[in-house]
Amino acid sequence: MAGALDDLTILDLTQYVTGPYGTRLLADYGANVIKVERPGGDPARRLGPFPGGHSHPEKSGTFFYFNLNKRAIVLDLKNPAHVEVFGRLVDAADVVVESFRPGALDQLGVGWDYIHGRKPSLPLVSISNFGQSGPYRDYKGSEVVLFGFAGEMYATGLAGREPVKMYGTAGLVQAGAAAAGAILAAAMVGREQGIGQHVDFAIADALLSSADRRHSTLIGHEFSGRKTVRRASEAVGLADGVFPCRDGYVEMHGSARKWERLLDMLDRPSWALEPRWIRPEAAQDATTVEEFNALLTGWLMERTKREVWREARRARVLCTPLLTIAEIFEDEAFAERGFWQAVDHPYLGTVKTPGRPFIMTDSPWELRHSAPLLGGNTREILAELGYRGDELTALDAYHPPVEVD
Amino acid sequence: MPRLPLEGLRVVDFCVAWAGPYATMLLGDLGAEVIKVENPHVWPPVMRGGRARPTRESLAGMGGMYGGYPNDEPGPRPWNYSPTFVQPYRNKRSFTADLRTPEGLEILRRVVARSDVFVENNAADTTEKLGIDYEWLRSARPDIVMVRIPAFGLSGPYAHARALGVHLEAVMGHPLLRGYRDMDPSSNSIIFAGDYFGGLQAALAIMMAAWHRKKTGRGQLVEVSQAEAASAMFAQAYMEHALNGVSHQQLGNRSIYNAAPCGVYPCKSPGPASSGDDRWIAITVTCDSEWEALRAVMGRPAWAEDPALGTCAGRAERQDALDEGLATWTSREDDYDLFHRLQAAGVPAAPVLEASRALADQHFEQRGVFASRALFDVAGKFRFLAPFYRMPETPATHRQSPVAMGEHNEYVYRELLGVGEEEYRRLVAEGHISMDFDESIP
């Protein structure tokens, strides 16, 4: 069975995290993604994690993860011979994606006017921090800058402290998943209707629309004038919050929503059956909450997080363990579901990494390519574009492979 | 006249809370006809508010996200405008049927027979209990695409585990990777990044399945495990373990790539955090030239002259000192003013915006990210989010205000199913067709 997108070719000029994740999702389901890197490569090749912490352009964990299933070529778009290669790639593509500073591609002479002039049915998707228009068009971004400005960072954390972000580049990855939809939609319109268009995808726009609370806090204020603020303390509600257990923590937000199920999970100990917990005002009374949670914590401390989760699943309670990354790697259930994929790589060896993003039964995910080496597919891509003989050899010689150290 | 990318695709939306409705919102934005099926006799726990008929008193003291109803009133039909959930209801239609009854299921089956996609993100056994599964859908429409978005997938020991976004993120590692560096994970706020991410991926999966179906004529079953999907947000932590066998720790607002300084710093505030009036600026310095630029904007203070701070490695080793020096400086500054000065100098920075300030930002305003629309049976207009896919030739617009339950009963029953006047009246009398939740629901 072939991937759903096996008839689409994507010319991918994106760098770092957001764009590459968007195009990886499409490559995962069969799209022919050709990654064009500038001399020296995608700057993500300089981002860790690296084995042993030693930086090397072919060993970046960030680059590896976000570029699986792609092939790559290096082009210097200031070199006319390379611009001609780029032109042939444009001819063969169903959509072009880029994530340079707004206007940078135009300055090189290969921006929207060039692409639209060369192939009118070909869309260009430009991914940027703040968009291709507006007063902040040229402003720089980062995970914390964009999540702070557009996402719901303000109400994350404690009132007495600074707002706090998500892990790593979680927001930029989210924006990448959102961008994938724009890329696919633009390619569909190009193929089905012959309409090329310049799509403006702003990371800030996507995070502003985030279903992680921001759309709610925006409309909540617009409707009522009410604000959504950080809570005063880590104090939690009745069986509601993060609680310690014998070997770590469990997440219990909303677990008291169905009280009978919670009692079932606890196996109805006498302390939990006292009528004072189910008074309507109990959840608002700090002393009651503290007393109940102390008893609950006693119950939890006698159990491991996995034992707690087993009881929660049996009783259908909103309660899950906080797993470490190491525990996820060792988890049998994820392994049995086929969550992992072993990927061979010439520099990294065999890497165990999350594989399929989701399961499509009639057009399944498939590992077709490991993360590409710098210029690693140059020769085959040039040949596919019709280059032969000396011309091919000369272009291919431009970027010698990185030596193995 | 260009057609929208998904024009002609009819999607039945049997979704709750956020991941599913968010996915179908994106499809609606791109032109699909999304039809929600709702049951006026069963209160969906997380879809149209905390409860059907909140009182003014019950909303007192609640923040905007949960308690911010239009004009600060619960209004005549509160379920149609819960601030928590209302935004993803744009560009959709809604009809009702009592799915507890055989006739209600038969009505749904007739809608499915005229549709292309069926999406659900309920707890893993909810649809089966109603008798709705892939085979049942295929009996109505052989080439249907069924997309299921369960928390932990449809198989394995966790398949029936209950979860909101915050729970599935716990299982995938997030709470041990985020939050204050000096506090344990019990200090973490509840977030729903997993819902958002599951919805984004599900929308993409549906678009792919629709493309595949056009080529092959075949529908399929698609399974998006929200937990497994969410793992991509923690990609570098997974890679660190895969390559080095070690786990990342909570880094607060610092960079996993050792960019320094990287954080959120206090600015002049008109009031306290408790009233949403505290101000902060996010700053990231990714290279030496940005550090030089930052020093210049600061006026080259003595503490920043240390030559050891001139390199990435040197700054990464001195983050506590950098944070302290920066905070002392930023706390005297206005956040927006500093934002523009830093960006003009080439330093990545932005204010951390409380929602009301995002609504007032000139950049968002000029880009038209908000669309002023009326709500069903509520006076006045409100600024909702506009679709964020900006495709000039096939523009996604906010063409239908957040849909009221049953708003399109006439369309679905009369136009789509061809129900006559007499039968329509009977279906109203028997409780299938309604715009109100059953009065027994509080």
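B:Ile206 is in contact with B:Ala23, B:Leu27, B:Val117, B:Val119, B:Val145 and B:Val147, residues up to four places away in sequence being left out; two residues are in contact if their C-beta atoms, placed from the backbone, lie within 7 Å. The model is predicted, and local features need pLDDT of at least 70, side-chain atom pairs count only at pLDDT 80 or more, and totals for chains, interfaces and linings use all residues. Residues are numbered from 1 along each chain as its sequence is written, while chains are lettered from A and ligands numbered from 1 in the order in which they are written.

B:Ile206 is also among the residues with the most contacts inside the largest nonpolar core, together with A:Leu26, A:Ile183, B:Val147, B:Ala205 and B:Val222. This core has 260 residues. A nonpolar core is a set of buried Ala, Val, Leu, Ile, Met, Phe, Trp, Tyr and Cys residues joined through C-beta atoms within 7 Å, and a residue is buried if 20 or more other C-beta atoms lie within 10 Å of its own. The most is given to this core by helix α7 (residues 170-193) of chain A, with 16 residues; helices are DSSP runs (H or I, at least four residues) numbered from the N terminus.

Helix α1 (residues 19-29) of chain B packs against α8(B) at an angle of about 45°, and their axes are 7 Å apart. Axes are lines fitted to C-alpha atoms, for helices over the stretch in contact, and angles run from 0 to 180 degrees between N-to-C directions. α1(B) is therefore oblique to α8(B), a term for angles that are not under 35 degrees (roughly parallel), over 145 (roughly antiparallel) or 65 to 115 (roughly perpendicular). Among the residues that make the contact are B:Ala23 and B:Leu27 of α1(B) and B:Ala202, B:Ala203 and B:Ile206 of α8(B). The residues of this contact comprise 9 nonpolar, 3 polar and 1 charged; Ala, Val, Leu, Ile, Met, Phe, Trp, Tyr, Cys and Pro count as nonpolar, Asp, Glu, Lys and Arg as charged, and the others, Gly among them, as polar.

Between the chains, 132 residues of chain B are in contact with 124 residues of chain A. Helix α8 (residues 193-216) of chain B supplies the largest share of the side of chain B that touches chain A, 15 residues. That side divides into 78 nonpolar, 40 polar and 14 charged residues.

Technical notes. Buried ≥ 20, exposed ≤ 12 C-beta atoms within 10 Å, placed from the backbone. Helix = DSSP H or I, 4+ residues; strand = E, 2+ residues; numbered from the N terminus.
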